[in-house]
Amino acid sequence: MANNRLFDGITVFVQVVKCGGFGAAAEATGHSNSYVSKEIAKLESRLGVRLLNRTTRSIALTPEGKTYYQECVQLISDAEQAVAEITQSTVEPKGTLKVSCPVWFGKQYLADVFTTYLSRYPEVTLDLDMSDKPIDVIADGYDLVIRATAKLDDSSLICKRIYSSRICTVASKQYLKVYGYPQHPSELSAHSCFCYTNLKKFNVWEYRDKAGNKTLVEVQQRVLSNSTEMSLALVDNGLGIIRVPEFYIEAQLQSGELTLLFDDYIFPEIDVYALYPTRKHVASKVSCFLDLITEIVTPF
């Protein structure tokens, strides 16, 4: 016999998590605080588990709550997609597209995509998170995340490669004039280096020569930062050496502001991916955005 109460409380639960509290969820759903609280209590009672840990100031998902939340978000998305298909609203994207992408890549390569997307689809609102920080696509409610990585972690997410770039080691002419030009990667241990802390082994730089020989260098960490943009500004001012994807520094290389080091070595590649939740039917607001990236962004 079907469980007629299977979906009771799910939308309220998801709103509580997304809004970060009962009061905000009540305002978002048009209900009272007591109604929201009772719905969560009934849902927990029916499931036989605690979904949320509550204090007077905040809420937090329990491990069981996090798992259930991820499934509920997908369930609601699938239901909305089904309604959209029946009403044929998928012809024209609507709603909010929540996207996270690195600041520099977004400014350099996606500004035209965002502009065209907003102009072409006036009924879509963009919710943009410009950062390099790790994102839980499903739990944080993102439709699409853009990330640059040399190796993707195993994931249930769908991955679409949209760009590739060399990883370059560079310094300003000012720095090289004062501190000397390293001829071999091993000499980096005597130089001031800028390390990107979002990498697992940010202070160990790997190089391969054209014969395939590998060199691992534990660099001297002059600056640790999770902002490539800030680090590059300091490197431009002659303060050290940095290792970054080429898409960050194309203009400086062309102008001669930065000098490419170790150009007789093999440059490793880094790929830029669009990541989005696995689902049977991709929402038109997502698929149209992906189509625009393919159309506008320079091919890898």
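A cavity here is a set of grid points where a 1.4 Å probe fits but cannot get out, and its lining residues are those with an atom within 4 Å of a point. The model is a predicted one. Searching the whole structure turns up one cavity of 30 Å³ or more. The space in this largest cavity comes to about 60 Å³.

Which residues line the largest cavity? Its lining consists of Ile 167, Thr 169, Tyr 207, Arg 243, Leu 261, Phe 262, Tyr 265, Ile 266, Phe 267 and Pro 268. Two or more of the lining residues come from each of the strands β6 (158-172) and β13 (265-266). By class, the lining has eight nonpolar residues, one polar and one charged.

The second topic is helix packing. A pair of packed helices is described by the angle between the two axes and the distance between them.

Helix α3 (residues 33-47) can be taken with helix α2 (residues 22-29): their axes come within 8 Å and cross at roughly 105 degrees. Angles of 65 to 115 degrees count as roughly perpendicular, so α2 is roughly perpendicular to α3. On the α2 side the contact involves Phe 22, Gly 23, Ala 25, Ala 26 and Thr 29, and these meet Asn 33, Val 36, Ser 37 and Ile 40 of α3. The residues of this contact divide into five nonpolar and four polar, with no charged residue.

Helix α3 also packs with helix α1 (residues 10-19), the axes coming within 9 Å and crossing at roughly 115 degrees. That angle makes α1 roughly perpendicular to α3. The crossing of α1 past α3 is left-handed. From α1, the contact takes in Val 12, Phe 13 and Val 16; from α3, it takes in Tyr 35, Val 36, Glu 39, Ile 40 and Leu 43. Seven of the residues in the contact of α1 with α3 are nonpolar, none is polar and one is charged.

The crossing of α5 past α9 is right-handed. Helix α5 contributes Leu 110, Asp 112, Val 113, Phe 114, Thr 116, Tyr 117 and Arg 120 to the contact, and α9 contributes Lys 285, Cys 288, Phe 289, Leu 292, Ile 293, Glu 295 and Ile 296. Nine nonpolar, one polar and four charged residues make up the contact of α5 with α9.

Key:
Residues are numbered from 1 along each chain as its sequence is written. This is a predicted model: local features need pLDDT of at least 70, side-chain atom pairs count only at pLDDT 80 or more; totals for chains, interfaces and linings use all residues. Side-chain values use heavy atoms; hydrogens and water are left out. On a 1 Å grid over the protein atoms alone, a cavity is a set of points where a 1.4 Å probe fits but cannot get out, and a pocket is an open set with protein on both sides within 12 Å along at least five of seven lines; lining residues have an atom within 4 Å of a point. Grid points are joined across faces, edges and corners, and a volume is the space filled by probe spheres set on the points. Helices (H or I, at least four residues) and strands (E, at least two) are DSSP runs, numbered from the N terminus. Ala, Val, Leu, Ile, Met, Phe, Trp, Tyr, Cys and Pro count as nonpolar, Asp, Glu, Lys and Arg as charged, and the others, Gly among them, as polar. Axes are lines fitted to C-alpha atoms, for helices over the stretch in contact, and angles run from 0 to 180 degrees between N-to-C directions. Angles under 35 degrees count as roughly parallel, over 145 as roughly antiparallel, 65 to 115 as roughly perpendicular and the rest as oblique. Contact means heavy atoms within 4.5 Å. A crossing is left-handed if the near helix is turned anticlockwise from the far one by less than a right angle, and right-handed if clockwise.
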